[in-house]
Amino acid sequence: MDISVWAPHASRVRAIVGDDEHELTADDDGLWTIDLPPETRYFLRLDDSDLRLPDPRSMCQPDGAHGSSCVIDPNKFHFAATDWECPNLAGKVFYELHIGTFTSEGTFRSAIDRLDHLVDLGIDAIELMPINPIPGTRGWGYDSVSIFALNPNYGTPDDLVAFIDAAHSRGIAVCLDVVYNHFGPDGNYLSQFGPYFTNRHHTPWGDAVNFDADQGTFVRQYFIDNALMWIRDYRFDALRLDATDFLIDDSPTHIVAEISQAVHSYAHDHGRQVSLIAENNSNSPTTITPVEDDGWGMDMQWVDDVHHALHVWLTGETNAFYIDHDKPDTLPKALSSGMTRTGEFSQFEGKPWGHPVPEHVSGHAFIVFDENHDQVGNRLIGDRPSHSLPLSDVAISRALILMSPFTPMLFMGEEWAASTPFMFFTDHGPEIGPYIKAGREKEFESWDLASVYPNGTAMTDPQDKSAFTQSTLRWKEANHGDHQRMYNFVRELIRLRSSLPDIASGNRSATRCELSVNRRSGWLQRGTTYIVFSRDGNTQVPVPHALQEVLLSWSDSEINQDGIYFELPGVIVANTKQ
């Protein structure tokens, strides 16, 4: 296998294999190469340094980010689901999961045992949180390094192949969350090899990745090659690019656009359907505008506004960024438009924020959620809405997300209103670890925590292993009591989404939402289908059209000539008379 490393400033590069050293051959572009057999363990040595460095393009780090690299031949990967053809994922139901806490074993192989659960639920695509090497044995993955390799605690490359193949054999696509905007502080050796970073731009993590300064062309190719590897070698069906706001690039063609061109070109040439998703907080249509129209060419983007509007409506929280989502018309705007910050002044940002959503943009271009790793994990104790809200409110929330004109995503366990939190957890060493908790506590200094947790609470130290163990799903509870009731309700919502053309549509212009005067009840119209909800019992909720048939209900309610009468709080899905 040809091993190559870009080290433009080195005069000599050697591969250390056991007690032997082997010289790499250089070309004129600072690229050094050597041929090593598959399964070879090796380090790299630059010039006369005593440092033994892992290969920045290694596909396997068996002993973690600091250990030796291992040569992998992806041509030897075995895929059995050869007839798998990924559909267009826009509008499909996504399911985000963290391999380490999805099962008690926390591995790719153990996750395979839970795929039939996702099939029964009706999930179309799994989105894996980052799976690269991280410090220690536990973490979210967003402080990863060695972006071509896997977290060895999750398994080997063959284990990942087995997981993806098992998902495909069950008709489920797999998306990977990749982090190109920064690297973690522990095990990042890139700067030893070349100018991967630049002080020309700055991010919350320090100097930006060098996409547009001297020799940035080679750095860009590093990330393009990484994206192509996941799609080509592991057969992922989609990539989600983390925090693209911080991929700062003044080049004529933005790095995100160049990744989009490369991945879509590969997919076209190989007859595959591959989706690219951007996390982006700027609320700019540029993200999903085609490259030929001066956009970034992403197929979809995460939209936080729907979550924030729904969360504020349900909880009344207005801390931090939630302050921009407490106006009376915010929830109706979110559920019909997708974005609530479309150029108005933002109290949180201190300036106008966002851009109008062009009418032609399908709602399917926006991935929405009422839980995800950020919105649960970046709370003081990683609590889910179901830990403090009545189940009827949770049912309303699930229905509004899954019946929306957008691409809905669930976060692992929310389908049964899991009792487990999802906390922020890390496993940094003694030099970095003490700063983690202090940094998290500082994030919450401006929050009125008494209003969020009236009974009081204290943050678990992210470095404490209990933050990780408490976040592991308890699968047995999904089959009992209210957890099972919620699961069955969510499964039926997904079934309705796939069977009703009005609900499956991404047509935002055929979507309307209205709240009552007291904002405790209302309806969402999707063509001839209504989602009617009330947070109170003994309430009449009028709708503009006569309703004929209740398709699904979380409530004791009845249809009458004026709409829906709710005996108890809840939500119903009903059709109008044709």
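Predicted model: local features only at pLDDT ≥ 70, side-chain atom pairs only at ≥ 80, totals over all residues.
Let me begin with helix H12, which covers residues 433-443, and in which Gly433, Ile436 and Arg440 are buried. These three residues cover an arc of only 35° around the axis, which puts them on the same side of H12, where the arc is that of the directions from the helix axis to the C-beta atoms. When I say buried, I mean under 20% relative accessible area, while exposed means over 50% and partly exposed lies in between, with a 1.4 Å probe and protein chains only. Helices here are DSSP runs of H or I with at least four residues, and strands are runs of E with at least two, numbered from the N terminus.

Residues are numbered from 1 along each chain as its sequence is written, and side-chain values use heavy atoms, with hydrogens and water left out.

What does the face of H12 turned away from its buried side carry? On that face we find the exposed residues Pro434, Tyr435 and Lys442, while the cover over the buried residues of H12 includes helix H10, residues 373-377.

Now let me step back to the whole chain. Its secondary structure comes to 16 helices and 27 strands. The radius of gyration is 25 Å, close to the 25 Å that the globule rule gives for 578 residues, so the chain is as compact as a globular protein of that length; the radius is taken over C-alpha atoms, and the rule is 2.2 Å times the number of residues to the power 0.38. Along the principal axes, the C-alpha atoms fill a box of roughly 85 × 50 × 50 Å. Of the 578 residues, 59% count as buried, and the accessible surface comes to about 22900 Å², of which 47% belongs to carbon and sulfur atoms. Those areas come from the Shrake-Rupley method with a 1.4 Å probe, and for residues only the protein chains shown count as cover.

Among contacts between residues at least 6 apart in sequence, 70% join residues at least 24 apart.

Most residues other than glycine have a negative phi. Alanine 417, although it is not a glycine, has a positive phi of about 55°, and this alanine is found in the loop between strand S19, residues 407-411, and H12. Is alanine 417 buried or exposed? With a relative accessible area of 8%, alanine 417 is buried. Asparagine 538 also has a positive phi of about 55° without being a glycine, and its place is in the loop between strand S22 (529-534) and strand S23 (539-542). At 60% relative accessibility, however, asparagine 538 counts as exposed.

Serine 260 lies in helix H7, residues 255-269, and counts as buried at 2% relative accessibility. Which residues are in contact with serine 260, leaving aside its neighbours within four places in sequence? They are Leu276, Val291, Trp296, Gly297 and Met298. The C-alpha atoms of serine 260 and leucine 276, 16 residues apart along the chain, are separated by 7.2 Å. Aspartate 393, in helix H11 (residues 391-402), is buried at 3% relative accessibility, and touches Leu314 and Arg535, not counting residues up to four places away in sequence.

I will finish with two loop residues. Proline 290 lies between strand S14 (275-279) and strand S15 (300-302), and at 34% relative accessibility it counts as partly exposed.

Technical notes
Contact = heavy atoms within 4.5 Å.
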